[in-house]
Amino acid sequence: MHKEREGGTPFSRREVLKMAGVGGLGLLLGSVGAGGVLAGTGKLGSRSDTASADAARSGRLPFYGTHQAGIVTPPQNFLCFAAFDLTVTRGEEVSQLFKAWTEASAKLCAGETVGTQNSQTGLPPDDTGEAVGLNPSNTSITFGISPSFFDERFGFGPKRPAGLVDLPRFPGDNLRSEWCGGDIGVQVCADDLQVAFHAIRNLTRIARGKAVLRWTQEGFQRTAAAGAPGETPRNLMGFKDGTGNPDVTDEKLMSDLIWTQASDGPAWMANGSYMAVRRIRLRLEVWDRSTLGDQEATFGRHRDSGAPLGLKNEFDPLPLDAKGADGKAVIPMTAHARLAHSETERILRRSYSYSSGLDRQTGQLDAGLFFVSYQRSLEKQFIPLQMRLAKQDKLNEYITHVGSAVFACFPGAKEGRYIGQELFEG
Ligand SMILES: C=CC1=C(C)c2cc3[nH]c(cc4nc(cc5[nH]c(cc1n2)c(C)c5CCC(=O)O)C(CCC(=O)O)=C4C)c(C)c3C=C
Ligand SMILES: [Fe+2]
């Protein structure tokens with residue numbers, strides 16, 4: 001069997017299937033195993049085509065770059081988030097973990113299987129196999145480390161960024177320890193849930209003996225298959241969510257609002273970003289009994305169009321000074337959009353809906369918003385913004401914050417280097 005094209009380009013998964021004379025994934029796995037077909041190609045484990053046209057079609061995002069993917073990347077359909085606790089005692093073991101994770105993540109984002117040991121029948125395969133035959137699905141993997149990462153265990157304390165602060169307690173917080181904290185946060189997003197799950201599962205396996213899962217959360221938004229491509233997705237309250245986000249194609253704006261700058265310090269965080277995550281439970285049963293008028297007053301926007309109250313178009317600026325015939329503000333003073341709107345505290349939201357079955361105690365849905373935001377500064381952006389919302393927002397009648405974590409997300413890694421190298425070796 002030919003192993004590679006001249007020039008070293010590996011054969012595509014489709015070509016390999018043709019050469020193997022099998023037509024389906026079941027056959028491929030059942031008769032020879034993916035590793036068996038690909039063994040000896042020198043590119044063992046290519047899950048899908050590598051030619052650039054195919055890469056574009058199959059949705060492959062580069063893992064390496066100045067910034068980590070998954071921040072200004074257009075949101076994919078699914079999220080698998082995992083918070084890990086480290087179980088090692090030496091800093092060197094932590095850097096080894098990030099080396100291994102970087103190597104695996106580059107493969108996962110390229111749609112390849114992880115590891116090298118996938119074809120020996122006498123050994124457990126390195127890759128768990130459920131993404132064999134699936135394309136990269138625009139997978140992005142974003143790594144961050146939390147304040148606890150810098151405690152006394154590894155000696156990283158002096159390298160802790162001043163900007164990586166613990167969040168204060170916000171009024172109304174009802175945080176549960178099972179959805180809070182963790183030394184390391186890993187955000188995997190992809191246009192396929194099985195592909196995203198596969199990435200988290202394999203990163204977890206690679207971490208064995210070094211880190212354990214503390215909590216996980218899956219999230220979703222409508223898929224391209226459901227239609228409305230390009231439109232702002234709706235949250236589970238039925239409202240378009242994301243309209244007021246800053247323009248991620250505006251590099252100057254992103255440098256001002258999202259990317260940590262060298263001048264912010266420390267040097268290893270330049271081109272990174274701070275991530276805030278909040279698991280926010282929605283009281284959907286109560287919401288569903290409220291009138292459309294009340295719902296729209298809660299957000300300060302129309303439900304169907306997403307336009308500010310009194311206006312027609314989704315992207316019309318919020319008329320914060322407009323008064324109705326009764327002399328009252330058209331956008332109520334307690335409306336979420338009014339209170340969240342700010343020139344100086346702008347953040348980039350990248351949230352997903354979640355549904356985690358039934359709350360057995362209440363018989364109500366455990367569903368809500370897994371809120372994720374990126375910002376250059378937690379202290380200047382997320383914290384004052386959330387403090388204002390927690391105190392005044394009409395939306396608080398319908399939501400409870402039950403989980404919380406913050407992470408300093410590393411800058412991206414150049415090919416040949418690994419995520420966090422500037423911190424570990426700097
Ligand atoms: C601390 C920040 C924020 C939290 C927490 C938050 C929770 C939350 N938001 C919605 C739904 C909507 N939010 C909308 C706008 C909006 N929200 C925030 C911040 C937080 N939201 C900001 C910065 C903005 C943009 C304000 C602006 O400048 O216009 C909207 C309106 C549409 C939009 O702009 O996206 C909706 C809808 C829920 C359901 C929720 C918690 C469960
Ligand atoms: Fe919001």
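**A loop, a ligand and a hairpin**

Mentor: Start with Asp 264, which is found in the loop between helix 7 and strand 5. Keep in mind that this is a predicted model.

Trainee: What does Asp 264 touch?
Mentor: Leaving out residues up to four places away in sequence, Asp 264 touches Gly 163, Met 269 and Arg 376.

Trainee: And how far is Asp 264 from Gln 381?
Mentor: C-alpha to C-alpha, 14 Å in space. In sequence, Asp 264 and Gln 381 are 117 residues apart.

Trainee: New topic. How many residues surround ligand 1?
Mentor: 27 residues. The closest are Thr 243, Gly 244, Ala 340, His 341 and Leu 369.

Trainee: Which elements give two or more residues to that shell?
Mentor: Strand 5 (273–282), helix 10 (336–340), strand 8 (364–375) and helix 11 (378–392).

Trainee: Which of them gives the most?
Mentor: Helix 11, with four residues in the shell around ligand 1.

Trainee: What classes of residue make up the shell?
Mentor: Around ligand 1 there are 15 nonpolar, seven polar and five charged residues.

Trainee: You listed strand 8. Which way do strand 7 and strand 8 run, parallel or antiparallel?
Mentor: Antiparallel. Six bridges join strand 7, residues 352–359, to strand 8.

Trainee: Which residue is the bridge partner of Asp 359?
Mentor: Gln 364, in strand 8.

Trainee: What sits between the two strands?
Mentor: Four residues, as strand 7 and strand 8 form a hairpin. Look at Gly 363 in the turn: its phi is positive, about 75°.

Trainee: Which residues have a positive phi without being glycine?
Mentor: Ser 137 is one of them, with phi of about 55°. Asn 138 is another, with phi near 55°.

Trainee: Where is Ser 137?
Mentor: In the loop between helix 5 (91–109) and strand 2 (140–145). Asn 138 is also in the loop between helix 5 and strand 2.

Trainee: Why does Ser 137 count as buried?
Mentor: Because 26 other C-beta atoms lie within 10 Å of Ser 137. Asn 138 has 24 C-beta neighbours inside 10 Å, so Asn 138 counts as buried too.

Trainee: What about Asn 135?
Mentor: Asn 135 has its place in the loop between helix 5 and strand 2. Asn 135 counts as buried because it has 22 C-beta neighbours inside 10 Å.

Trainee: How far is Asn 135 from Ala 110?
Mentor: In space, 8.3 Å from C-alpha to C-alpha. Along the sequence, the two are 25 residues apart.

Trainee: Zooming out now. How many helices and strands does the chain have?
Mentor: Twelve helices and nine strands. Of its 426 residues, 41% count as buried.

Trainee: What share of contacts join residues at least 24 apart?
Mentor: In the chain, 76% of the contacts between residues at least 6 apart in sequence.

Trainee: Which domains does UniProt give?
Mentor: The unreviewed UniProt entry places "Dyp-type peroxidase N-terminal" at residues 68–221.

Trainee: How much helix and strand is in residues 68–221?
Mentor: 21% helix and 21% strand, with the end C-alpha atoms 22 Å apart. For residues 232–413, the figures are 21% helix and 24% strand, and the end C-alpha atoms lie 30 Å apart.

Trainee: Last topic, confidence. What is the mean pLDDT of the chain?
Mentor: It is 89, and 86% of the residues reach 70 or more. For the complex, the predictor gives an ipTM of 1.00 and a pTM of 0.89.

Trainee: Where does pLDDT stay under 50?
Mentor: Over residues 1–44. The model has 63 contacts beyond four places in sequence for residues 1–44.

Definitions and conventions
Residues numbered from 1 in each chain as written. Chains lettered and ligands numbered in written order. Predicted model: local features only at pLDDT ≥ 70, side-chain atom pairs only at ≥ 80, totals over all residues. UniProt positions renumbered as here; feature names shortened; annotations may be inferred. Near = placed C-beta within 6 Å. Nonpolar A, V, L, I, M, F, W, Y, C, P; charged D, E, K, R; others polar. Pairing = 2+ DSSP bridges. pLDDT = per-residue confidence, 0-100. Contact = placed C-beta atoms within 7 Å. Buried ≥ 20, exposed ≤ 12 C-beta atoms within 10 Å, placed from the backbone.
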